[in-house]
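I hope they are handy to have beside the viewer.

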Amino acid sequence: MGSRRYSFKKECFILSVDVGTTSIRCHIYDKEAHVRGSCTTEVVPLYPETGYVEMDPDAIWKGFITVVKGAVQDAGVQMRQIGAMGISTQRGTFTTWNRTTGVPFHNFISWQDQRAADLVKSWNTSCTMRAIHASMKVIYFLTRQKRALAASLIVFSTQHVTFRLVWALTHYKQVRQAVAEDNCCFGTIDTWILFKLTKGRVHATDYSNASSTGIFDSYQMCWSGFLSCLVSLPLSIFPKVENTDHDFGSTDPSIFGVSIPIMSVMADQQAAMFGECCFDVGDVKITMGTGTFMDINTGSKPHTSVAGLYPLVGWKIGSEVVYLAEGNSADTGTAIKWAKELELFSDVQETSDMAYSVSHSDGVCFVPSFSGLQAPHNDPKACASLMGLKPSTTKSHLVRAILESVAFRNKQLYETMLKETCIPITKIRVDGGVSTNDFVMQLTADLFGRKVSRAQHYEMSCLGAAFLAGLGKGFWRTREELKKLKITEKTYLPQGAPNGGVCSPDLEYIPVLHSWERALQRSMNWYKP
């Protein structure tokens with residue numbers, strides 16, 4: 001994109017940054033939502049101990065600055081032409097820092113981190129949780145409120161911030177001391193970036209990020225006093241929660257040479273949902289990146305789940321609150337990256353052709369659970385596994401088995417969503433790096449028995465944050481205008497589907513799916529305390 005230069009001084013642009021698990025990327029968008037300049041840098045995870053996954057806060061900050069400056073240079077524009085900034089970030093990755101100096105007490109603890117797994121398990125099997133479950137069952141029996149039924153089944157997860165933060169408070173003396181002195185700030189990546197961009201003036205987050213921590217009450221729309229009291233988390237360290245399209249202030253002029261208004265902050269999956277223009281009830285978005293995240297728009301009320309779907313705030317714009325129900329599989333891109341490191345292939349673009357080069361996986365089943373299994377199984381102690389290996393098994397069989405596992409987990413999440421929400425599906429949009437794999441996309445459509453569509457640009461988190469920042473700035477005026485800017489690159493119809501794109505799921509794969517489900521069962525509860 002650097003070959004094209006634009007120097008129209010009066011032309012205005014929207015800048016959007018997505019801080020992901022594996023990379024930080026920045027795009028500059030024009031009025032047609034075309035990318036005029038881009039820059040990307042790698043996020044280097046740290047593994048100090050088995051099960052620990054961390055990120056260096058200073059490296060994240062330097063990477064953020066680098067991609068913003070690089071994208072502006074690539075677009076051939078000047079910083080003063082940037083009308084607004086939108087920020088999208090991975091969720092559930094947090095740190096704590098000194099409120100006065102801004103110095104972090106420890107590295108970011110990633111959403112993939114498993115250090116609190118034993119703590120989570122001990123709480124889930126504790127007398128306290130049994131008492132909560134029992135009392136909620138009684139309340140459900142008396143009231144028939146589904147929320148009480150969900151509370152009677154709720155279990156904690158390592159992916160939520162809650163017990164990783166409990167762990168940090170327990171193990172880092174300087175954090176406990178700062179809390180006692182009322183000098184401690186907690187924040188996910190968005191909050192840390194805002195704090196840095198404004199030179200400590202803003203300690204805030206938005207509703208989409210807050211609702212993804214596991215500490216936020218999406219029904220009452222505030223930090224959960226009950227949960228914080230239950231696990232001894234001090235409410236004083238939490239950031240203020242603002243609307244998703246809130247004017248978060250401007251960047252300090254010393255950083256980029258000018259002040260840039262920060263007009264949106266969003267969690268990455270909710271931002272991708274907005275970028276896909278999934279504004280209506282029943283719209284489904286599937287992002288296949290490091291993990292797979294499947295979200296359905298449930299409208300103005302949070303969904304109450306009994307199978308592990310999580311009720312999230314999609315966005316809050318003015319008085320309007322849109323809720324999502326989400327299921328996820330943590331190790332989609334992770335599994336493909338692992339396979340590449342084993343030299344099963346040299347270029348990820350080869351994998352679809354490799355999978356199609358064989359008619360089946362030779363009975364091989366792969367279970368993608370390096371970080372445990374999420375909904376509907378919810379087993380943090382599950383292991384990743386390859387089963388059914390034979391002397392006849394080739395690299396192509398292994399690659400096909402790995403790609404099949406991605407589509408199989410998609411099917412599990414999709415069926416859970418259908419059963420749980422009882423909301424008619426209106427459309428299915430797919431994005432993320434793994435969505436460029438034709439084999440995974442076609443098999444997903446076949447297993448769903450529904451049409452799935454991939455956008456021309458698969459980095460939807462960046463686009464969603466840009467859309468919201470642009471609406472706040474008046475760069476774009478309505479959501480209908482945004483819908484007209486969307487371009488579908490490719491649509492996948494299930495085999496045998498009519499033009500409407502709906503048919504019965506692929507029966508040919510049922511025996512293969514059953515074998516894979518047996519392998520999954522054997523992988524569960526593998527790691528013992």
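1. Ser 88 stands opposite Met 266 in strand 13. Strand 5 (residues 82-89) and strand 13 pair in the parallel sense over five bridges; two strands pair if DSSP finds at least two bridges between them. Helices (H or I, at least four residues) and strands (E, at least two) are DSSP runs, numbered from the N terminus.

2. A word on the ground rules: this is a predicted model, in which local features need pLDDT of at least 70 and side-chain atom pairs count only at pLDDT 80 or more, while totals for chains, interfaces and linings use all residues. Residues are numbered from 1 along each chain as its sequence is written, and side-chain values use heavy atoms, with hydrogens and water left out.

3. Which strand order does the open sheet have? Its five strands run 3-2-1-5-13, with mixed pairing. Strand 3 (35-42) and strand 13 (262-267) are the edge strands, each pairing on one side only. From one strand to the next, the twist averages 15 degrees. Axes here are lines fitted to C-alpha atoms, for helices over the stretch in contact, and angles run from 0 to 180 degrees between N-to-C directions.

4. Helix 11 (residues 268-275) lies across strand 1 (13-19), strand 5 and strand 13, and runs at about 110 degrees to strand 13. Is this helix buried or exposed? Eight of the eight residues of helix 11 are buried, so it is largely enclosed by the rest of the structure. Buried means under 20% relative accessible area, exposed over 50%, and partly exposed in between (1.4 Å probe, protein chains only). Among the buried residues are Asp 268, Gln 269, Gln 270 and Phe 274. Just after helix 11, Cys 277 takes a positive phi of about 60 degrees.

5. Helix 11 also meets helix 16 (residues 460-473): their axes come within 6 Å and cross at roughly 70 degrees. That makes helix 11 roughly perpendicular to helix 16; angles under 35 degrees count as roughly parallel, over 145 as roughly antiparallel, 65 to 115 as roughly perpendicular and the rest as oblique. Helix 11 brings Asp 268, Ala 271, Ala 272, Phe 274 and Gly 275 to the contact, and the residues from helix 16 include Met 460, Leu 463, Phe 467 and Leu 471. Contact means heavy atoms within 4.5 Å. By class, the residues of this contact divide into nine nonpolar, three polar and one charged. For these classes, Ala, Val, Leu, Ile, Met, Phe, Trp, Tyr, Cys and Pro count as nonpolar, Asp, Glu, Lys and Arg as charged, and the others, Gly among them, as polar.

6. Helix 5 (residues 162-171) and helix 6 (residues 173-180) form another packed pair, at an angle of about 95 degrees and with their axes 5 Å apart. The two are therefore roughly perpendicular to each other. Leu 169, Thr 170 and His 171 of helix 5 touch Lys 173, Val 175, Arg 176 and Val 179 of helix 6. This contact has three nonpolar, two polar and two charged residues.

7. Thr 251 lies in the loop between strand 12 and helix 10 (253-256) and is buried, with a relative accessible area of 1%. What does its side chain reach? The side chain of Thr 251 reaches the backbone nitrogen of Ile 260 at 2.9 Å. Leaving aside neighbours within four places in sequence, the contacts of Thr 251 include Met 85, Leu 197, Val 258 and Ile 262.

8. Asp 283 is found in strand 14 (residues 283-288) and, at 2% relative accessibility, counts as buried. Beyond its neighbours within four places in sequence, Asp 283 is in contact with residues including Met 273, Cys 277, Asp 295 and Lys 427.

9. Some backbone details are worth a look. Ser 232 has a positive phi of about 65 degrees although it is not a glycine, and counts as exposed at 59% relative accessibility. Asp 362, also not a glycine, has a positive phi of about 60 degrees, but is buried, with a relative accessible area of 13%. The peptide bond from Ala 375 to Pro 376 is cis, with omega near 5 degrees, and Pro 376 lies in the loop between strand 18 (365-367) and strand 19 (385-387).

Notes:
Polar contact = N/O pair within 3.5 Å; in protein donor to acceptor, adjacent residues only side chain to side chain.
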